[in-house]
Amino acid sequence: MGKVIAIANQKGGVGKTTTAISLAASLAVLEKKVLIIDADPQANTTSGLNFSPDNDEKRTLYEVMIGRIGIEDALIQTEVPMLHLVSSHINLVAVEVEMIDEPERESLLKKALAPIRDQYDYIIIDCSPSLGLVTINSLTAADSVMIPVQPEFFALEGLGKLLQTIRIVQKGVNPSLSIEGFVVTMFDGRTKVHTQVVGELREHFGDMVFKTIIQRNIRLSEAPSHGKPIALYDIGSSGAQNYLNLAKEVLDNNGDYVKE
């Protein structure tokens with residue numbers, strides 16, 4: 001059964017979507033079958049993989065969650081051979097209102113994923129920064145949560161609320177939910193505060209912080225505008241190598257070792 005990893009942080013601008021796309025593509029490059037789900041109404045993961053949210057708005061996550069279509073009908077093949085996408089659209093915000101009276105509404109995505117989980121090694125969910133019903137669904141469906149952290153002190157302050165939300169989900173609907181790890185993004189080694197924050201993270205959370213650090217990289221920031229994950233846009237860049245190393249850590253942590 002495929003492992004479901006939610007990429008979550010309620011603070012925007014921390015590299016959440018870049019991490020979701022780049023990790024998913026890197027796992028696919030490492031010969032794992034991967035599904036990435038865009039669970040953010042802003043649909044940045046969708047456009048970052050060169051799909052327009054308006055091209056086929058009748059086969060997005062919204063239709064899956066309201067039960068209009070099965071998730072099999074929403075799968076899109078990306079440019080990366082072993083990577084599929086379930087796209088998003090701004091209409092996903094309507095789920096909050098339309099499903100408010102639905103029984104077990106926090107488990108809609110988990111139930112939708114059940115028929116296809118065995119088809120994938122990893123399912124990556126790019127969560128919305130808000131902590132609404134769609135994000136709760138993502139955390140309920142997930143086995144673990146990966147938390148991107150920008151090395152700024154304000155970013156550290158916001159972690160408390162996210163960890164509190166994770167604990168609420170664990171107590172209420174998904175007791176097996178674990179933290180996959182914290183990944184430091186947008187790191188600049190020339191900045192003293194970045195080094196200090198990474199030190200504090202490691203002191204606080206120990207081995208829960210990934211060894212791999214995602215360095216600030218121009219090619220990484222350019223890739224979404226070309227509709228390509230960094231693994232396709234510039235495999236030789238430091239950003240691509242960082243995310244390949246992160247993918248290998250994920251594989252190692254789950255006993256799913258990389259072929260040499």
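In these legends, Ala, Val, Leu, Ile, Met, Phe, Trp, Tyr, Cys and Pro count as nonpolar, Asp, Glu, Lys and Arg count as charged, and the others, Gly among them, count as polar. The views that follow all show a predicted model.

View 1. The structure holds 1 cavity of 30 Å³ or more, and the volume of the largest cavity is about 70 Å³. Its lining is formed by Thr-18, Ile-21, Ser-22, Gly-48, Leu-220, Ala-223, Pro-224, Lys-228, Pro-229 and Ile-230. By class, this lining has 6 nonpolar, 3 polar and 1 charged residues, and helix H1 (residues 16-29) gives the most to it, with 3 residues.

**View 2. The largest pocket.** This pocket has a volume of about 370 Å³ and is lined by 23 residues, of which Val-14, Gly-15, Lys-16, Thr-18 and Met-186 lie nearest its centre. H1 and helix H9 (218-222) each supply at least two residues of the lining, which divides by class into 8 nonpolar, 11 polar and 4 charged residues.

**View 3. The second largest pocket.** About 180 Å³ of space lies in this pocket, and among the residues that line it are Glu-180, Arg-202, Gly-206, Asp-207, Lys-211, Glu-249 and Asp-252. The elements that give two or more residues to the lining are S7 and helix H11 (238-253), and H11 gives the most, with 3 residues. The lining divides into 3 nonpolar, 3 polar and 6 charged residues.

View 4. Of the 9 residues of helix H6 (residues 133-141), 8 are buried, so the helix is largely enclosed by the rest of the structure. The buried residues of H6 are Leu-133, Val-134, Thr-135, Asn-137, Ser-138, Leu-139, Thr-140 and Ala-141.

View 5. The 14 residues of helix H8 (residues 192-205) should span 20 Å at 1.5 Å a residue, and the end C-alpha atoms of H8 are 20 Å apart, which agrees. In H8, the residues His-194, Val-197, Val-198 and Leu-201 are buried, and they cover an arc of only 100° around the axis, which puts them on the same side of H8. An α-helix has 3.6 residues a turn, so residues three or four places apart point the same way. The buried residues of H8 pack against strand S6 (144-149), helix H7 (153-172) and strand S7 (178-184), while on the other side of H8, Lys-192 and Glu-203 are exposed. H8 is followed by Gly-206, whose phi is positive, near 55°.

Notes: Residues are numbered from 1 along each chain as its sequence is written. This is a predicted model: local features need pLDDT of at least 70, side-chain atom pairs count only at pLDDT 80 or more; totals for chains, interfaces and linings use all residues. Side-chain values use heavy atoms; hydrogens and water are left out. On a 1 Å grid over the protein atoms alone, a cavity is a set of points where a 1.4 Å probe fits but cannot get out, and a pocket is an open set with protein on both sides within 12 Å along at least five of seven lines; lining residues have an atom within 4 Å of a point. Grid points are joined across faces, edges and corners, and a volume is the space filled by probe spheres set on the points. Helices (H or I, at least four residues) and strands (E, at least two) are DSSP runs, numbered from the N terminus. Buried means under 20% relative accessible area, exposed over 50%, partly exposed in between (1.4 Å probe, protein chains only). The expected span of a helix is 1.5 Å times one less than its number of residues. The arc is that of the directions from the helix axis to the C-beta atoms. Contact means heavy atoms within 4.5 Å.
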